[in-house]
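Colleague: I have a few questions about the terms used for this model. Can you take me through them?

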Amino acid sequence: MGTSARSGKPCRSTKVAFLLETLVFLLFCRHVSTHCKISRCNSEYLAATQDVHGPSTNAAYCTALRSYSRCTRRTARTCRGNLAYHTAVYGIEDLMIQNNCSREGPTSPPWPPAPEPNKQSFESLDICDYEKSYAHKHGRPPTYRHCATFGDPHVRTFSDEFHTCRVEGSWPLLDNHYLFVQATSHPIAEGSNATAVGKLTIIFKDVKECIDQKVYQAEIDDLPAAFADGSTNGGERPGGNSLAVRERSPGRHVEIRATYIGTTIAVRQAGQQLSFSIRVAEEVAFSFTEEQDLQLCVGGCPPSQRISRSACCHGGMDPAVEEARRLCRGKLPAQDAYFQSCVFDVVTSGDTNFSLAARDAFEDARTFQADFGKLHVFRTDAASSPRGSPLLLLLPVAISGLQWAFFTSLFTNC
């Protein structure tokens with residue numbers, strides 16, 4: 001065993017040096033999620049091993065590795081699915097074996113926690129009322145954004161673009177520091193190309209001063225007036241009432257108000273499909289990392305999944321098209337994108353309930369869209385290509401691949 005330990009020192013030294021370089025790279029890599037605290041663990045390990053030398057080198061490395069392992073265990077819940085985190089966990093095990101480190105033993109003291117916020121200042125600003133807090137800080141009311149999805153499905157993005165998507169399965173509408181919203185769509189009938197949203201999952205993430213994490217789930221014929229745990233507010237914290245569910249129309253319309261983030265959400269059912277609309281503070285809407293880049297409310301449908309609404313419903317005197325146009329004119333005040341979506345859905349599905357979904361989405365936009373000039377969207381939709389080079393879409397994959405290559409070469413045997 002002694003011989004093995006002596007022969008392992010050059011290998012350990014090389015690997016540790018490479019670990020330091022790799023972890024520095026990851027510390028500055030924007031693809032490490034801000035929710036996952038692996039970067040803090042990396043920093044603590046770097047600080048603990050930066051000046052290690054002399055006869056006690058091995059003991060110092062073992063102490064640092066045990067502390068590193070303890071730190072990763074503490075952040076495990078928020079790091080699920082994070083490549084850097086999982087590779088670090090496996091790497092720590094490998095380095096502990098190479099250095100003959102026991103799992104039990106001394107550890108480095110953790111960094112001191114961040115100072116507690118001043119509770120009095122929170123109370124004076126009413127931290128769980130976003131509008132009041134924002135106005136106090138900036139001297140003006142916040143700016144709001146609107147997004148919606150309805151029908152077959154159509155998405156109105158925060159930038160007021162209108163896309164019709166050929167999506168099936170689950171897609172994220174929002175994924176930021178405060179909210180996660182996922183829509184699951186399915187064909188409305190066997191053999192049909194028309195799809196509709198049949199399930200919505202909305203997660204209000206834990207905000208220490210205001211609410212516990214809450215999950216709202218809606219499915220066809222099941223629009224509950226409560227969160228998944230049966231509660232109707234944000235929990236027992238002082239700001240718990242800053243999140244509340246209210247039934248506006250039994251089985252058809254539920255409203256969720258989250259005043260702590262300046263957000264109102266409407267979930268509706270029309271026929272056999274669900275719709276989602278949101279009014280959210282701009283600061284909250286765009287509070288996400290590059291790792292959270294796939295959000296239909298932000299970027300719309302992926303270009304490969306966009307279809308033209310006009311393809312089905314122009315030219316000729318098709319009786320089905322004319323009937324759909326007549327029906328939709330009776331529900332909507334202008335021949336805008338909502339009208340186009342209404343005609344498209346009724347023609348492709350044969351279900352007149354889709355006209356109700358378009359009408360409800362327009363009514364939500366009338367309520368949620370602060371700028372009346374942007375209420376109607378008249379731009380034609382096209383299955384457009386992405387803005388910029390397609391190579392940009394591969395950049396996150398390339399960076400993840402580089403990270404994997406770094407760690408693979410680091411933790412393989414000498």
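Modeller: First, a term. Helices (H or I, at least four residues) and strands (E, at least two) are DSSP runs, numbered from the N terminus. The expected span of a helix is 1.5 Å times one less than its number of residues. This is a predicted model; local features need pLDDT of at least 70, side-chain atom pairs count only at pLDDT 80 or more, and totals for chains, interfaces and linings use all residues. Residues are numbered from 1 along each chain as its sequence is written, and side-chain values use heavy atoms, with hydrogens and water left out.

Colleague: How do you know what span to expect for helix 10?

Modeller: Helix 10, residues 337–349, has 13 residues. Its C-alpha atoms, first to last, span 18 Å, close to the 18 Å expected at 1.5 Å a residue.

Colleague: What makes helix 10 largely enclosed?

Modeller: Buried means under 20% relative accessible area (exposed is over 50%, partly exposed in between; 1.4 Å probe, protein chains only). In helix 10, 10 of the 13 residues are buried, so the rest of the structure largely encloses it. Among them are Tyr-338, Phe-339 and Phe-344. The cover includes strand 1 (144–150), helix 9 (319–329) and helix 11 (353–368).

Colleague: Why is Leu-174 called buried?

Modeller: Its relative accessibility is 0%, so Leu-174 counts as buried. Leu-174 lies in strand 4, residues 169–175.

Colleague: What is Leu-174 in contact with, leaving aside neighbours within four places in sequence?

Modeller: Contact means heavy atoms within 4.5 Å. On that basis, the partners of Leu-174 include Phe-158, Ile-278 and Cys-297.
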